Amino acid sequence: MNELDVKGLSCPLPILRTRALLNTLAVGDEVKVYVTDPASVIDFRHFCNITSNELLGYEQKDGVFIYHIRRGE
């Protein structure tokens, strides 16, 4: 499982860095992204809705949002 820590960054940087990492992965690979920007909930849902990537789920722990995303085709 790949991990990306973008804590402390504001949108759109978490999405841009996630997209860049996903572009290096094979279809079906998964990434866990750690984000502190509260607006990221809307941004990551939208990002996955308009791309072939799948938001498997997310959780919030101690002010950090953790997104689980699978690389699409």
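User: Let me start with the strands. How many strands form the sheet, and in what order?

Analyst: This is a predicted model, so treat what follows as computed. The sheet is open and has 4 strands. Their order is β1-β2-β4-β3, and the pairing is mixed.

User: Which strands are at the edge?

Analyst: Look for a strand that pairs on one side only. Here those are β1 (2-5) and β3. From one strand to the next, the twist averages 20°.

User: How do β3 and β4 run, parallel or antiparallel?

Analyst: β3 and β4 are antiparallel, with 7 bridges joining them. G57 has H68 in β4 as its bridge partner. Further along, K61 stands opposite V64 in β4.

User: What should I check about the phi of D62?

Analyst: Start with the general idea. Most residues other than glycine have a negative phi. Now the case here: D62 has a positive phi of about 50°, yet it is not a glycine.

User: Is D62 buried or exposed?

Analyst: The cut-off for exposed is over 50% relative accessible area. D62 counts as exposed because its relative accessibility is 85%.

User: Which peptide bond is cis?

Analyst: The general idea again: most peptide bonds are trans. In this model, the bond from C11 to P12 is cis, with omega near 15°. P12 belongs to the loop between β1 and α1.

User: Now the helices. Where does α1 lie on the strands?

Analyst: α1 lies across β1, β2 and β4. Its direction is at about 160° to β2. α2 also packs on the sheet, where it touches β2, β3 and β4. The direction of α2 makes about 5° with that of β4.

User: At what angle do α1 and α2 pack?

Analyst: The angle is about 35°, and the axes are 10 Å apart. The crossing of α1 past α2 is right-handed.

User: Which residues meet there?

Analyst: From α1 come P14, I15, T18, R19 and L22. From α2 come D43, F44 and F47. Sorted by class, this contact has 5 nonpolar, 1 polar and 2 charged residues.

User: Where do I look for the nonpolar core?

Analyst: The general idea comes first. In soluble globular proteins, nonpolar side chains tend to be buried together. Here the largest nonpolar core has 15 residues. L22, V31, V33, V35, F44, Y67 and I69 have the most contacts inside it. Two or more residues each come from α1 (13-22), β2 (30-35), α2 (40-50) and β4 (64-70). The largest share, 4 residues, is from α2.

User: What is I69 in contact with?

Analyst: Set aside neighbours within four places in sequence. I69 is then in contact with T18, L22, D29, E30, V31, V33, F44, C48, N53, E54, L55 and L56.

User: Two of those are glutamates. Where is E30, and what does it touch?

Analyst: E30 lies in strand β2. Beyond residues up to four places away in sequence, E30 touches M1, N2, L56, I69 and R70. Buried would need under 20% relative accessible area. E30 has 26%, so it is partly exposed.

User: And where is E54?

Analyst: E54 is in strand β3 (residues 54-61). Its contacts, leaving aside neighbours within four places in sequence, are C48, H68, I69 and R70. E54 is partly exposed, at 39% relative accessible area.

User: How far apart in sequence and in space are T36 and V64?

Analyst: Read two distances together: one along the chain, one through space. T36 and V64 are 28 residues apart in sequence and 4.8 Å apart in space, C-alpha to C-alpha. For another pair, take E30 and E59. They are 29 residues apart in sequence and 16 Å apart in space, C-alpha to C-alpha.

User: Where is T36 found, and what is it in contact with?

Analyst: T36 is in the loop between β2 and α2. Leaving aside neighbours within four places in sequence, T36 is in contact with K7, G8, G63, V64 and F65. Its relative accessible area is 29%, so T36 is partly exposed.

How values were computed. Residues are numbered from 1 along each chain as its sequence is written. This is a predicted model: local features need pLDDT of at least 70, side-chain atom pairs count only at pLDDT 80 or more; totals for chains, interfaces and linings use all residues. Side-chain values use heavy atoms; hydrogens and water are left out. A nonpolar core is a set of buried Ala, Val, Leu, Ile, Met, Phe, Trp, Tyr and Cys residues joined through side-chain atoms within 4.5 Å. Buried means under 20% relative accessible area, exposed over 50%, partly exposed in between (1.4 Å probe, protein chains only). Contact means heavy atoms within 4.5 Å. Axes are lines fitted to C-alpha atoms, for helices over the stretch in contact, and angles run from 0 to 180 degrees between N-to-C directions. A crossing is left-handed if the near helix is turned anticlockwise from the far one by less than a right angle, and right-handed if clockwise. Ala, Val, Leu, Ile, Met, Phe, Trp, Tyr, Cys and Pro count as nonpolar, Asp, Glu, Lys and Arg as charged, and the others, Gly among them, as polar. Two strands pair if DSSP finds at least two bridges between them.
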